[in-house]
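Biologist: I have the structure open and would like to go through it piece by piece. Can we start with the sheets?

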Amino acid sequence: METKTTMGSTQKNYLLLEMVLFWSAFFYGKGAVALEDKQVARNLLDFSKAVLIGEGDFNFNNSNDVLSIPFNKQKSLYLSEVLKNEQISNYIEINSKKEQLSIHSHPILKTLKDQWYKDNSKIFSLTLDPGLITLKSIIVCINLFGIRKLESISLPTSIDRDHLKTLSYCLEKHLKVPVTPSNNQMKITDIPKLVTSAVSDISALHSAELINYLTTKEKKLLTEGILR
């Protein structure tokens with residue numbers, strides 16, 4: 001399927017999401033409380049996109065909009081801190097026995113489902129538009145679901161195979177390192193460069209977790225200033 005490049009789609013999506021964020025804040029509170037709720041909605045938006053970049057999917061047999069993804073219990077502490085700092089715990093359900101987390105009960109989920117899916121297939125987008133995702137959402141996805149390999153980080157994803165190149169391109173534009181699409185995954189290489197370029201643009205919480213993907217040798221070389 002042909003992928004089109006457009007800037008107009010980003011503006012339209014931002015406008016739509018701004019409307020969702022505004023009305024979410026309006027219904028949940030007024031004044032300062034409304035502004036706080038709007039920020040919470042933004043945080044939930046980034047977190048939901050992180051889940052969608054990975055293996056997160058909507059259950060189309062469920063009348064409610066619920067986005068679910070499997071997660072590793074070893075990431076429980078980081079996940080807990082993210083939910084607390086972002087103030088989005090009310091919209092997240094964690095099933096430790098099944099090792100699954102679900103996002104629910106927010107109107108932004110309907111907007112994302114309409115944007116990311118076509119005929120119940122997760123395509124991400126028909127347009128080549130890095131603005132549809134953020135660096136923060138990508139880093140959270142890596143931190144929660146990435147798997148360190150010998151020379152790369154493997155990021156499992158359920159994006160339709162025909163559209164995986166589009167998502168990989170958008171990740172590459174944000175991360176400034178090579179991202180290669182493969183079978184149900186994306187491979188991110190040059191991890192030291194990824195870390196050094198990203199840490200100045202993300203919070204200390206996300207930076208600390210990302211640094212854990214460096215090998216002992218890579219950490220040592222970065223400390224000594226050899227790798228830039």
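Biologist: Which four strands form an open sheet, and in what order?
Modeller: The order is S7-S8-S10-S9, and the pairing is antiparallel. Strands here are DSSP runs of E with at least two residues, helices are runs of H or I with at least four residues, and both are numbered from the N terminus. Two strands pair if DSSP finds at least two bridges between them.

Biologist: Before we go on, what kind of model is this?
Modeller: It is a predicted model: local features need pLDDT of at least 70, side-chain atom pairs count only at pLDDT 80 or more, and totals for chains, interfaces and linings use all residues. Residues are numbered from 1 along each chain as its sequence is written, and side-chain values use heavy atoms, with hydrogens and water left out.

Biologist: How many bridges join S8 to S10?
Modeller: Five bridges join S8 (residues 152–156) to S10 (residues 185–189), and the two strands run antiparallel. Ile153, for one, has Ile188 in S10 as its bridge partner.

Biologist: Which helix lies across S8, S9 and S10?
Modeller: Helix H6, residues 164–175, which runs at about 160° to S9. Axes are lines fitted to C-alpha atoms, for helices over the stretch in contact, and angles run from 0 to 180 degrees between N-to-C directions.

Biologist: New topic. How many residues has the largest nonpolar core?
Modeller: That core has 57 residues, and those with the most contacts inside it are Phe47, Ile53, Ile142, Leu171 and Leu175. A nonpolar core is a set of buried Ala, Val, Leu, Ile, Met, Phe, Trp, Tyr and Cys residues joined through side-chain atoms within 4.5 Å. Buried means under 20% relative accessible area, exposed over 50%, and partly exposed in between (1.4 Å probe, protein chains only).

Biologist: What does Ile53 touch?
Modeller: Leaving out residues up to four places away in sequence, Ile53 touches a list that includes Trp116, Ile133, Leu155, Leu171 and Met186. Contact means heavy atoms within 4.5 Å.

Biologist: Are Phe58 and Tyr117 buried or exposed?
Modeller: Both Phe58 and Tyr117 are buried. Trp116 and Phe124 have ring centres 5.0 Å apart and planes at 65°, so they too form an edge-to-face pair. Trp116 is buried at 2% relative accessibility, and Phe124 is buried with a relative accessible area of 2%.

Biologist: Which sheet order includes S1?
Modeller: S1-S2-S4-S3, an open sheet of four strands with antiparallel pairing. Two bridges join S1 to strand S2 (residues 67–70), and the partner of Phe58 in S2 is Leu67.

Biologist: Now helices. Which residues of H3 are buried?
Modeller: In H3 (residues 76–86), Tyr78, Leu79, Val82, Leu83 and Glu86 are buried. Seen down the axis of H3, they fall within an arc of 135°, so they line one face of the helix. The arc is that of the directions from the helix axis to the C-beta atoms. The face turned away from the buried side carries the exposed residues Leu77 and Lys84.

Biologist: What comes just after H3?
Modeller: Gln87, which takes a positive phi of about 60°.

Biologist: Where is Asp119?
Modeller: Asp119 is in the loop between S5 and strand S6 (121–122). Asp119 has a positive phi of about 55° although it is not a glycine, and it is exposed, with a relative accessible area of 70%.

Note on methods:
Rings of Phe, Tyr and Trp (its six-membered ring) pair if their centres lie within 6.5 Å; planes under 30 degrees apart count as stacked, over 60 as edge-to-face and the rest as tilted.
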